[in-house]
Amino acid sequence: IVIAEESRSQHENRARALRRMRKALFLQLRDEVRVEDIGDHRDFREARNASGRLDMGAKDPRFWPAVGVVLDAMQMLEARVSDVAAALRVTTANLIDFLRIDAKVWQEANQLRVRFGQKPLH
């Protein structure tokens with residue numbers, strides 16, 4: 001359930017609520033994808049720049065779909081950051097920087113790590 005009541009405009013509130021719902025879906029729903037295919041996933045492939053790095057902000061429309069793919073990869077690879085980075089064809093540092101962009105993403109990544117017996121990222 002998402003609620004947006006900040007504005008007097010029903011259209012603005014609806015748009016905010018839809019953005020919040022979309023964000024929640026990418027954070028909570030995990031998709032099964034083959035490890036070999038995860039780096040070529042359309043939502044992730046489109047999020048990388050020409051040099052292959054994840055350099056974008058949370059307001060970029062490609063951000064949340066890419067977050068979903070990264071969290072899917074973390075689920076599949078038991079939240080081992082180096083393995084996830086290798087599967088996504090990015091550096092470990094770039095992956096960690098990407099996870100830090102949004103506090104909820106960072107929190108979900110650490111929850112996955114704890115679930116698989118790993119130490120939380122700092």
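This is a predicted model: local features need pLDDT of at least 70, side-chain atom pairs count only at pLDDT 80 or more; totals for chains, interfaces and linings use all residues.

Colleague: OK, how many salt bridges does the structure hold?

Modeller: Seven. One of them pairs D40 with R89, and their closest N and O atoms are 3.0 Å apart.

Colleague: Noted. Which other salt bridges can you point me to?

Modeller: R42 pairs with D43, with 3.8 Å between the closest N and O atoms. R42 counts as exposed, at 51% relative accessibility. Then D60 pairs with R62, where the closest N and O atoms are 2.7 Å apart. R62 is partly exposed, with a relative accessible area of 33%.

Colleague: What about E78, R80 and D83?

Modeller: Those three are linked in a network of salt bridges.

Colleague: Let's switch to the helices. At what angle do helix 4 and helix 5 pack?

Modeller: About 100 degrees, with the axes 9 Å apart. Helix 4 covers residues 81-88 and helix 5 covers residues 92-100. Angles of 65 to 115 degrees count as roughly perpendicular, so that is the label for helix 4 and helix 5.

Colleague: Which residues make that contact?

Modeller: From helix 4 you have V81, S82, V84, A85 and L88, and from helix 5 there are T92, L95 and I96. By class, six of the residues in the contact are nonpolar, two are polar and none is charged.

Colleague: Which residues of helix 4 are buried?

Modeller: V81, V84, A85, A87 and L88. They sit on the same side of helix 4, because they cover an arc of only 165 degrees around its axis.

Colleague: What do the buried residues of helix 4 pack against?

Modeller: Helix 2, helix 3 (63-76), helix 5 and helix 6.

Colleague: Then how do helix 5 and helix 6 cross?

Modeller: At roughly 120 degrees, and their axes come within 6 Å. That makes helix 5 and helix 6 oblique to each other. I96, L99 and R100 of helix 5 meet V105, W106 and A109 of helix 6. The contact of helix 5 with helix 6 has five nonpolar residues, no polar ones and one charged.

Colleague: Last one: where does D102 lie?

Modeller: In the loop between helix 5 and helix 6 (103-115). D102 is buried, with a relative accessible area of 12%.

Colleague: And what does D102 touch?

Modeller: K23, F63 and W64, leaving out residues up to four places away in sequence.

Notes
Residues are numbered from 1 along each chain as its sequence is written. Side-chain values use heavy atoms; hydrogens and water are left out. Axes are lines fitted to C-alpha atoms, for helices over the stretch in contact, and angles run from 0 to 180 degrees between N-to-C directions. Helices (H or I, at least four residues) and strands (E, at least two) are DSSP runs, numbered from the N terminus. Angles under 35 degrees count as roughly parallel, over 145 as roughly antiparallel, 65 to 115 as roughly perpendicular and the rest as oblique. Contact means heavy atoms within 4.5 Å. Ala, Val, Leu, Ile, Met, Phe, Trp, Tyr, Cys and Pro count as nonpolar, Asp, Glu, Lys and Arg as charged, and the others, Gly among them, as polar. A salt bridge is a side-chain nitrogen of Lys or Arg within 4 Å of a carboxyl oxygen of Asp or Glu. Buried means under 20% relative accessible area, exposed over 50%, partly exposed in between (1.4 Å probe, protein chains only). The arc is that of the directions from the helix axis to the C-beta atoms.
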